[in-house]
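User: I am new to this structure and would like to learn how to read its features one at a time. Could you take me through them slowly?

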Amino acid sequence: SSGVTSTTKRRVDSTCAMAGKSEFPLTYVEGFHDKESVKRMRYRPLGRTGMIVSILSLGASSLGSVFRATSDDEAVEVVQTAIRKGVNFIDTAAWYGHGKSETILGKALDGIPRESYYIATKACRYLPDVDKMFDFTAERTLKSINESLHRLQLDYVDVLQVHDPEFAPSLDTVCKETLPALQQIKDSGKCRFIGLTGYPMGNFRKMIENTTVEVDTALCYCHYSMNDSSLSDHLAYFKDQGIGVINASPISMGLLSNRGPPSWHPATDEIKAACKQAAEHCQTQGVDISKLATHYSLSNDDIPTTLVSTASLANLEKNLLAVHESLSEQEKEVSAYIMKRYFHPLGNKTWEGVEVTNYWDNMKKLGK
């Protein structure tokens, strides 16, 4: 039955998008949402999916305590507050906290109207042990959705994505085995749309053009932030394909924050140094670099939604303010200064290949 509902829902969503007149998105539930907050939230269509999504969406990696130790009770409250205040897109993965993020979401979503949010999860990346981390086989992927739905306590997810396909033995495996498994899952009604994720921007096109499966979304992370805006070069292609772009991590997984990146962050020393100097300059001016970074990512109208991950209510409130509040003149000046002084000289430098090389080196050590 979810197949019928989703088709109808897509049609209604598309109509709503074309009309563009409704004050509220289709996910609005009278009596549940904070009406004024939903009015302040901004929404954009996600490719050809028919989903009209909040420009600020909730990344649930923090719920898996990926960046720091977190309180489960506060994490639950963050999810419920975000949805009530108009955030209608949530992204998680089996990998985040190795099931913990999905489990916490399952608790948080219990009792929240299912029609009030869209949720995306991922398959193919699972456990911390190097030899058990990735599995792109159809068999494991088909099993993974059932595990995710069980943890989330849901009958279906809106989007199911291939997690970090650059780690697959080859992209051919993803195109010929993983994506057809996702199509099978979609046909069964356990997901409505199919997505790709990943760090290397060039891989998206290779996969999209070498599979018979229709790809609906592309989640790109750390490529539309102050230190790297290379996603801009790919937006026209995605738009042409009708693919909805999900931009993740405006603060570049902690690089653009006062706390700095976690120890596992794969950025080069040069990138880390530039970001640290920029953050320190902001502090001397009494300006929060994370705020500048969030504003930077949200300001591009061609990017439907930007995922911000937090398990802190205070940070959630700051992020929600960024949707409708403008930067002060001083913040604008500081933002322009750090772009010119620290980030433009970087020239969109990335850490592409660093993690994949380490992964295969470690696999070789294990004789895999």
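Predicted model: local features only at pLDDT ≥ 70, side-chain atom pairs only at ≥ 80, totals over all residues.

User: How are the rings of Phe204 and Phe238 arranged, edge-to-face or stacked?

Analyst: Two rings are read by the distance between their centres and the angle between their planes, and planes over 60 degrees apart count as edge-to-face. The rings of Phe204 and Phe238 lie 5.8 Å apart, centre to centre, with 85° between the planes, and this aromatic pair is edge-to-face.

User: What does the pair of Phe24 and Tyr28 look like?

Analyst: Planes under 30 degrees apart count as stacked. The centres of the Phe24 and Tyr28 rings are 4.1 Å apart and their planes meet at 15°, and therefore this pair is stacked. Phe24 and Tyr28 are both buried. In the whole model the count of aromatic pairs comes to twelve.

User: Which residues do ring pairs link into a cluster?

Analyst: The cluster consists of Phe134, Phe136, Phe167, Tyr359 and Trp360. Phe134 is found in the loop between strand E5 (118–123) and H5, and because its relative accessible area is 10%, Phe134 is buried. Leaving aside residues up to four places away in sequence, Phe134 touches Cys124, Arg125, His163, Asp164, Phe167 and Tyr359.

User: Over which ring does the charged end of Arg125 sit?

Analyst: Such a feature is read from the distance between the charge and the ring centre, together with the direction of the ring normal. The charged end of Arg125 sits over the ring of Trp95, at 4.2 Å from its centre, and also over the ring of Phe167, at 5.3 Å from its centre.

User: At what angle do helices H4 and H5 pack?

Analyst: Helix H4 (residues 100–109) and helix H5 (residues 138–152) pack at about 40°, and their axes are 7 Å apart. That angle makes H4 oblique to H5. On the side of H4 the contact is made by Glu102, Thr103, Leu105 and Gly106, and on the side of H5 by Ser148, Arg151 and Leu152. Sorted by class, this contact of H4 with H5 has two nonpolar, three polar and two charged residues.

User: Are Gln153 and Cys222 buried or exposed?

Analyst: Gln153 counts as exposed because its relative accessibility is 52%, whereas Cys222, at 1% relative accessibility, counts as buried.

User: Which residues does Cys282 touch?

Analyst: Cys282 lies in helix H9 (residues 269–284), and because its relative accessibility is 0%, Cys282 counts as buried. Not counting residues up to four places away in sequence, Cys282 touches Val287, Ile289, Leu292, Val334 and Ile338.

Methods. Residues numbered from 1 in each chain as written. Heavy atoms only, no water. Axes fitted to C-alpha atoms, helices over the stretch in contact; angles between N-to-C directions. Helix = DSSP H or I, 4+ residues; strand = E, 2+ residues; numbered from the N terminus. Parallel < 35°, antiparallel > 145°, perpendicular 65-115°, else oblique. Contact = heavy atoms within 4.5 Å. Nonpolar A, V, L, I, M, F, W, Y, C, P; charged D, E, K, R; others polar. Phe/Tyr/Trp six-rings, centres within 6.5 Å; stacked < 30°, edge-to-face > 60°. Buried < 20%, exposed > 50% of the residue type's maximum accessible area, 1.4 Å probe, protein only. Lys NZ or Arg CZ within 6 Å of the ring centre and 35° of its normal.
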